Amino acid sequence: MKAVPVSRGVANPAPAGSDLVPDWLCLERLRRGFLDGTAGRQDYWRGMQDLAQYDATFAQRIGWKWDFVLQDLQRLGWTLPPGVLVDWGCGSGIATRAVLDLFGTAGVEEVRFLDRSPLAVRFAAQRLAARFPGTRSGVGWGEGPAVVLVSHVLTELEPSQVDELLAQLATATSVIWVEPGTYEASLALIAIRERLRATFRIVSPCPHGGACGILSPGNERHWCHHFASPPAGVFTDPFWGRFAHFLGIDLRSLPLSYLVLDRRAVPPTSVVTPEIRVLGRPELHKADVRLIACQASCLGELTLTKRAHPELWKAARKDRFPTVLPAAEVPG
Ligand SMILES: C[S@@+](CC[C@H](N)C(=O)[O-])C[C@H]1O[C@@H](n2cnc3c(N)ncnc32)[C@H](O)[C@@H]1O
């Protein structure tokens with residue numbers, strides 16, 4: 001059976017070369033390494049074929065998470081800072097392609113790929129050239145990148161490697177960091193947020209730049225995670241059906257944690273409306289919907305009655321609850 005991955009969105013057609021025949025053993029081996037925590041021990045890319053398999057499958061799902069984050073950034077009026085883009089731990093380079101698909105290549109001086117695997121760097125550069133011919137690419141950190149992308153790499157790093165990466169980030173203007181939506185990944189990303197928030201402005205997902213509310217006593221069981229949606233066609237695509245079946249993956253569930261930081265000041269003309277960020281999925285009850293709400297003043301449980309908020313209750317029933325709410329519309 002040919003793998004024909006559904007595109008990550010209108011702006012993201014399936015990557016070139018995605019009509020490869022799935023190698024389930026390879027995909028299973030990669031997934032096992034990601035899940036059992038052994039992926040960090042050694043370079044697991046055995047050849048360009050591994051990267052092609054990954055790029056057509058796991059990376060597509062990661063791309064849909066990036067689409068979620070980037071659409072939120074667009075909503076917030078965030079723009080890609082002009083200059084060099086670094087994709088740190090690039091793998092097949094899906095994060096870069098997702099960013100350029102949405103924000104375009106204008107202003108991108110060069111894309112620099114960085115990975116402990118030279119094969120991954122080569123693969124990512126090839127895919128970039130196929131998708132965005134004419135975009136310059138290079139290898140390694142370079143000097144003073146405008147934006148650094150980090151994606152699904154935290155579980156593979158030793159604490160000392162995280163320290164080194166954070167020190168390097170000090171030279172960047174912006175950072176977009178996307179990780180799985182697990183409790184552990186979220187808490188690790190929150191720890192990074194706390195270390196970087198003195199030097200960067202927090203753009204998203206936090207509606208404030210103060211200490212993370214999850215770290216407040218009583219909130220230990222919560223974690224900062226969100227759910228992206230795969231393109232609708234995925235559910236009727238025979239390839240993705242087999243992918244889900246062979247690997248035991250729930251196609252509907254795309255949990256992610258993320259952090260977007262920026263050193264640029266908020267434009268003085270922008271109007272900042274206080275928002276509530278909804279964490280995870282709200283709980284639907286007969287007469288109300290209950291959610292974990294993050295806002296400037298606190299993080300905690302919020303109950304919205306069906307009587308006072310019929311539209312929101314309906315949205316929760318249809319699994320379309322918004323991820324942000326204007327703070328003025330809900331009780332404080
Ligand atoms: C799960 S893959 C994610 C790839 C890509 N960022 C994505 O989101 O699809 C993790 C990548 O991090 C790379 N990696 C692991 N440890 C690294 C390190 N210490 N320095 C640089 N890259 C590393 C791996 O080689 C692999 O390509």
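Me: Which residues of α7 are buried?
Reply: Some ground rules first: this is a predicted model, where local features need pLDDT of at least 70, side-chain atom pairs count only at pLDDT 80 or more, and totals for chains, interfaces and linings use all residues. Residues are numbered from 1 along each chain as its sequence is written. Buried is a C-beta count (20 or more others within 10 Å of the residue's own, exposed being 12 or fewer and partly exposed in between, with C-beta atoms placed from the backbone). By that rule the buried ones in α7 are Ala185, Ser186, Leu189, Ile190, Ile192 and Arg193.

Me: Seen down the axis of α7, within what arc do its buried residues fall?
Reply: An α-helix has 3.6 residues a turn, so residues three or four places apart point the same way. The arc here is that of the directions from the helix axis to the C-beta atoms. The buried residues of α7 line one face of the helix, because they fall within an arc of 160 degrees.

Me: What covers the buried residues of α7?
Reply: Think of contacts, meaning C-beta atoms, placed from the backbone, within 7 Å of each other. Helices (H or I, at least four residues) and strands (E, at least two) are DSSP runs, numbered from the N terminus. The cover includes α6 (159-169), β5 (174-180), β6 (201-204) and β8 (254-262).

Me: Which residues are closest to the ligand?
Reply: The shell has 21 residues, where being near takes a C-beta atom, placed from the backbone, within 6 Å. Both α3 (58-75) and α4 (94-103) supply at least two residues of that shell. The closest residues are Gly89, Gly91, Arg116, Ser151 and His152.

Me: Is His152 buried or exposed?
Reply: His152 sits in the loop between β4 and α6. Its phi is near 50 degrees, positive in a residue other than glycine. Most residues other than glycine have a negative phi, and most peptide bonds are trans. With 23 other C-beta atoms within 10 Å, His152 is buried.

Me: And Asp319, buried or exposed?
Reply: Asp319 isn't a glycine, yet has a positive phi of about 60 degrees. Its loop runs between α9 (310-317) and β12 (324-326). There are 12 other C-beta atoms within 10 Å, so Asp319 is exposed.

Me: Which residues does a cis peptide bond join?
Reply: Look in the loop between β6 and β7, where Pro205 lies. Omega is about 5 degrees at this bond. The pair is Ser204 and Pro205.

Me: Which residues is Gly213 in contact with, leaving aside neighbours within four places in sequence?
Reply: Gly213 lies in the loop between β6 and β7 (226-228). It's buried, with 24 other C-beta atoms within 10 Å. Its contacts are Asn219, Cys294, Cys298 and Leu299.

Me: How far apart do the C-alpha centres of domain 1 and domain 2 lie?
Reply: Domain 1 is 24-262 and domain 2 is 275-329, with bounds from an automatic or database domain assignment. The centres lie apart by 27 Å.

Note on methods:
Contact = placed C-beta atoms within 7 Å.
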